[in-house]
Structure formats: C-alpha cells, structure tokens
Amino acid sequence: MKFNKILRTVLVTCAAAITVGIGLGSQTPTVSASTYHTVSSTSIKKAPYHKKSSTGAVYNASHTKKVANLKTYPYTTWYATAKVTLKHGSSKALYYKVKNGSGNVSGIVWNKYLKPGTSPFGLKYAKSAVALDVNTNNNVWTKNANTARPIASLSKLMTLYLVRQKIASGKATWSDKVNTSNAGLKRLGKSADFGGFKFKHNTYTVRQLYLAGLVESSNNAAIALGQWVAGGSTPAYNKKFIGMMNNQAKEWGLKHSSFVSASGMEQNSLQPYGYSIGASKNANYVSANDIAKIARHFIVDYNDVLTDASIKSMKEDGQTLHNYNNLLPGRKYYQKSLKVDGLKTGYTDPAGYCFVGTGRKSGHDRIITVVLHDENEFTETRSLMNYVYDKGLA
C-alpha cells in the first residue's frame, strides 16, 4: 500500500526482564563482577552451533553484561572458537566463546543453551511465506502458506491481471480512455496516507493508470481501472469488479482468497471516499500460496509485466512514479546474482509489510517469493531466494 514510505520508520521495542544464570541449580543469581570467575579458556577448531530452545543469552567474556537473548536470533548459526570454564560460587560451568556469521554479535554462551550444527533455515519476521518454482509450479519452501491474511497492495496484481485480460481479449487497447472524474477518487489521489498519483484530468489512458498502479502502487488508479474493466466509472462498477476478482480466484482454484477491494485498501479506509462495498470483511484476505499463484499467472500469461515492474522511477503526467522494490539494481538490498525484476510491494497497518519478489538466477528456474506481514521484507526475501538457490531447490 502506498503511504509515504519514504518516511517509513520501523520501531522495534524490546522488553527484557530475564536474568539468565549458568544453569547451576534452580537459582538465577544476579550478575556482578564478583560472581563469575574464569577458570580456563581453551581454543578449539571453529565449530557451528545453534540455539537449543527459546531460553538463553549471549554474555560478554566476564559474564557481567548480557549481549543478546538467543530467542531474538532464532535462525542464527553461532561459531564457537573456544571453550571457557567459569566458576560461580563453588560450582563450575562450561561456556562456548561464539560469534554469529556476520561477526557483529559475539560473547559466551552456556553450553546447555546450544546444540551442534548449523541453524535450520527460517524467516524470523514474516508470518507467512512461500517460494514457488515458476517452471514446475511447485512450492519449494513454505511457512504458514495457506493462512489467509490481509495483503494490502499485493491485491493490485489481481486487478492489473484483469486489465491485461481485457486487453488480450481484443475488447480494449492500451490507449483507451478511462474516466477518472469521480470526486472521491480525486480526493483519494491527494491523500497524504493513500495518495500518490493525482488525477489532474477527467480521463487517462489505460496504459497511464496501469503504470501508476504497478510502479507507484496508486490506489485511485487501481480502482479506476477496475471500474473500467467492469464497464463503467462509478462505485457501483467498483463493486461489480470486485465480484470479478473473486470469480477469477475461484476459476483458478484459489481456496484461501477473498477480495473486497480493488486497491488493497481496507473498507474503513475506503469509506470516506465512497468506495467501501459494505462487506463483512474489512480487508482482502489471501494466503501466501494463493498470492504466489496469482503472480505466476501474471508472469506466465503477460511476461512483459516484468519489464514494467523493474522500472525504478518514471514520469507520468508530470508526476514521479516511484517503485518501492528495494531489491532492484541500485537499491539498498540489491544482489546482482539474484536478478530480481519484480514484482509488487504492499503495506497497511493490518497487513504489515508485504512483498512479492521474483527473479531468475543464472542456471536456475525463475522463482516467485511471497512474504506477508513482515518487518524486514527485502532482507527476508533475499535470504529466502538465496536459500532456494543455494540448496538447488529451483
């Protein structure tokens, strides 16, 4: 969802009230400089470990300061380089001197909190995720794949697919005019929270609104296009179009998809602009698995969507359309080998950060990845793509 992402700030609040001892009985003594003494430290061949349970922490070498809780690093491999014996009172305990793979967190961990081997792969933040092999149409990695969740502007993939379908049918062309005179849509385009592409005129071409919806994620452009697909230019045709979205989902056999909005905005957000359809659900609810299948249909049926989805910035009607996909070349999370060229970002408060990514690493199949309700959508997408390719899953 477009909402002034340039000013995006992610606030992460951590409440830590856990005192972690070294496992010397049921007591968890207060950490102090006089409590722990180093008895010995022996270097060992570098070996991988990962957390054994949700408990435990990394401490500094003298065990006077907690560096990190292990539960905040659920999929981290810790590399041990030494065995350290600490004495607490009359008891002794074995610790490992460890460092994570990136080297930015290091310290000592009680041996009972770790188990040998590299950490299994997982995504820390995304509540649902999928990696789909486009060639085989098989999911190669999933996390809560069939749980329907709010998907924000990922909804526009269905809207824009139906636009392409109408053009492909021969019933319309890119240069056809779309009526954009509705006062509610014009106000929506000027909204500080939901705007992005202002309707300065009463008509735009299909192509102009398609690019505004795909690149800039314009909500009013998506709604106007939906009405046009349904044959009109009023909220009544918006409701008709949403019926078309649900019918297409059924035709594809998507079992965890329900649409109430052409743009991905929630009903309570659309109501002031006259575009709530009075549905029982406030948002579009779609599973990560179903979103991946929608994206695959789009890419397979209209492959040139990847050319448009990889546009980083462009001008339309004197306005800048900015692509928020930060895995594209030149962007913060770009990785050359992944060759990412799409596809769609999304955000609302109920949906969290959502992203459909796609790319094709040399010598591999194209993959589509979906992360829903994430906090680090580009980092986790990149991690998922690398995992799929490194393991030869696609």
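User: Are helices α1 and α7 roughly parallel or roughly antiparallel to each other, and why?
Analyst: In this predicted model, α1 (residues 156–168) and α7 (residues 288–301) pack at an angle of about 30 degrees, with their axes 10 Å apart. Angles under 35 degrees count as roughly parallel. The two helices are therefore roughly parallel.

User: Which hand does the crossing of α1 and α7 have, and what classes of residue make the contact?
Analyst: The crossing of α1 past α7 is left-handed. Residues of α1 in the contact include Leu157 and Arg164, while those of α7 include Phe298 and Asp301. By class, the contact has two charged residues, one polar residue and seven nonpolar residues.

User: Which strands stand at the edges of the open sheet of five strands?
Analyst: The strand order is β9-β8-β19-β18-β17, and the pairing is antiparallel. The strands at the two ends of this order each have a single partner strand, so one side of each is left without a neighbour in the sheet. These edge strands are β9 (138–143) and β17 (340–348).

User: How many bridges join β8 to β9, and which residue stands opposite valine 130?
Analyst: Strand β8 (residues 128–133) runs antiparallel to β9, and the two are joined by five bridges.

User: At what angle does α7 run to β19?
Analyst: Helix α7 lies across β8, β9, β17, β18 (352–359) and β19 (367–374). These strands belong to the open sheet with antiparallel pairing. Relative to β19, the helix α7 runs at about 140 degrees.

Notes:
Residues are numbered from 1 along each chain as its sequence is written. This is a predicted model: local features need pLDDT of at least 70, side-chain atom pairs count only at pLDDT 80 or more; totals for chains, interfaces and linings use all residues. Side-chain values use heavy atoms; hydrogens and water are left out. Axes are lines fitted to C-alpha atoms, for helices over the stretch in contact, and angles run from 0 to 180 degrees between N-to-C directions. Helices (H or I, at least four residues) and strands (E, at least two) are DSSP runs, numbered from the N terminus. Angles under 35 degrees count as roughly parallel, over 145 as roughly antiparallel, 65 to 115 as roughly perpendicular and the rest as oblique. A crossing is left-handed if the near helix is turned anticlockwise from the far one by less than a right angle, and right-handed if clockwise. Contact means heavy atoms within 4.5 Å. Ala, Val, Leu, Ile, Met, Phe, Trp, Tyr, Cys and Pro count as nonpolar, Asp, Glu, Lys and Arg as charged, and the others, Gly among them, as polar. Two strands pair if DSSP finds at least two bridges between them.
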